[in-house]
Amino acid sequence: MSLLNTFPWDSLDREIRTTTTSDIIVDILQKTCLHPICLKNPPYLKYRRRFLTELLKRHEMFAAEPLDVLYEALGEVMCAQEEDMCYKTYLLPTGDAVSLAENVALISEGTTGLVTWEAALYLSEWALENTYIFKNKTVLELGSGIGLTGIVVCRSSSLTKYIFSDCHQTVLQRLKDNITNCLTNCDSNSASVCVEELDWENVSDEQLQRIQASTIIAAVSYVIYFHSVIKRLLSRLLNCKVQEEHPDVYIASTVRNPQTYDCFKKELEMAGLRHVVIKDSVPQVFPYNRASTIEMIKIYA
């Protein structure tokens, strides 16, 4: 699903027919490409070109006079150089914006961790619906990527501490930059925040004990690559008691292959880890394609 198709073009066309076209176009520009958030954190260049081109078609179809501000905006993006990175801005239900630096390519520098995947979007939406789970907790996120889920949790929940983690050096640096951009001087975040370099296969028991997480979350987009590794890691984490209690573990997984996913859950059982599927409805907050099945499970020791 192209995000451009989610724009209410039909509604715009009806409004243009009954109102001064140039006023409507200028208003849309000020709310989109010329909005302060967009100017500070510019979205994908090709998307801006397509959006402004579509807007120009509407203007030329219904208006008699050229609109300088529209031509200038389109001319600027047409002359701009393509870049490997862009910003994506996610609007929270409160109206707050989370702008993340993301790579354009799905895979770059040998990792998929420089973009936000559907499982992370779903986990973020689930967290918005279940803020009580994080209240006064120390939360560890496995495979934070560029940080959407953790930033959303920090800006919506009254937690004590949030520990972002990943292992790829470029991802870790991008993660730190996004945290600085989205959480520094943010009134809605009072939690302590840190970033851990955490290699799922080589993490030491000492590091896991030091983290002392009471709640653990993760979004997994490709279970087939990680199910054996994450099973072993979760077993170790669930043995790290905090005040004599096992941590709560919540995993959001994109089910691309049901057989592979079932294999993952069987491996959890073979490792002595029980799980329950969380079937509560999760309202969609962010614009993305939910065609793929995404399942939330809670894992117990």
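1. In this note a residue is called buried when its relative accessible area is under 20%, exposed when it is over 50%, and partly exposed in between, with a 1.4 Å probe and protein chains only. The model is a predicted one, in which local features need pLDDT of at least 70 and side-chain atom pairs count only at pLDDT 80 or more, while totals for chains, interfaces and linings use all residues. Residues are numbered from 1 along each chain as its sequence is written, and side-chain values use heavy atoms, with hydrogens and water left out.

2. Helices (DSSP runs of H or I, at least four residues) and strands (runs of E, at least two) are numbered from the N terminus. Helix 1 (residues 9–18) packs with helix 2 (residues 21–31) at an angle of about 140 degrees, and their axes are 8 Å apart; the axes are lines fitted to C-alpha atoms over the stretch in contact, and the angles run from 0 to 180 degrees between N-to-C directions. The contact (heavy atoms within 4.5 Å) brings L12, E15 and I16 of helix 1 against T21, I24, I25 and I28 of helix 2. By class, this contact has five nonpolar residues, one polar and one charged, where Ala, Val, Leu, Ile, Met, Phe, Trp, Tyr, Cys and Pro count as nonpolar, Asp, Glu, Lys and Arg as charged, and the others, Gly among them, as polar.

3. A nonpolar core is taken here as a set of buried Ala, Val, Leu, Ile, Met, Phe, Trp, Tyr and Cys residues joined through side-chain atoms within 4.5 Å. The largest such core has 38 residues, of which L100, W126, F134, Y162, F164, F286 and M296 touch the most other members. At least two residues each come from strand 2 (97–103), helix 6 (118–129), helix 7 (148–156), strand 4 (161–166), helix 8 (169–183), strand 7 (248–255) and strand 9 (293–300), and helix 6 gives the most, with six residues. If residues up to four places away in sequence are not counted, F286 touches Y90, L91, L92, L121, S124, E125, L128 and V152. A second, separate core of 28 residues includes C240, V249, I251 and I297.

4. A salt bridge is counted when a side-chain nitrogen of Lys or Arg lies within 4 Å of a carboxyl oxygen of Asp or Glu, and by this rule the count comes to 13 salt bridges. R58 forms one of them with D13, with the closest N and O atoms 2.9 Å apart; this pair links distant parts of the chain, since R58 is in helix 4 and D13 in helix 1, 45 residues apart. Both R58 and D13 are buried, and D13, E54, K57 and R58 are linked in a network of salt bridges.

5. Two further pairs deserve a look. D27 and K31 meet through their side chains in a salt bridge of 3.1 Å, N to O, and both lie in helix 2, four residues apart, about one turn of the helix. D27 counts as partly exposed at 32% relative accessibility, whereas K31 counts as exposed at 59%. E267 forms a salt bridge with K231, the closest N and O atoms being 3.5 Å apart; E267 lies in helix 11 (residues 258–270) and K231 in helix 10 (residues 223–238), so the pair ties together parts that are 36 residues apart in sequence. At 15% relative accessibility, E267 counts as buried.

6. Not counting residues up to four places away in sequence, R48 touches C33, C38, P42, P43 and V77.

7. Three loop residues complete the note. T131, in the loop between helix 6 and strand 3 (138–142), is partly exposed, with a relative accessible area of 29%. Leaving aside its neighbours within four places in sequence, T131 is in contact with S156 and S157, and its C-alpha atom is separated by 8.9 Å from that of L159, 28 residues apart along the chain. E109, in the loop between strand 2 and helix 6, has a positive phi of about 55 degrees although it is not a glycine, and E109 counts as exposed at 51% relative accessibility. Q243, in the loop between helix 10 and strand 7, has a positive phi of about 50 degrees although it is not a glycine, and Q243 is exposed, with a relative accessible area of 75%.
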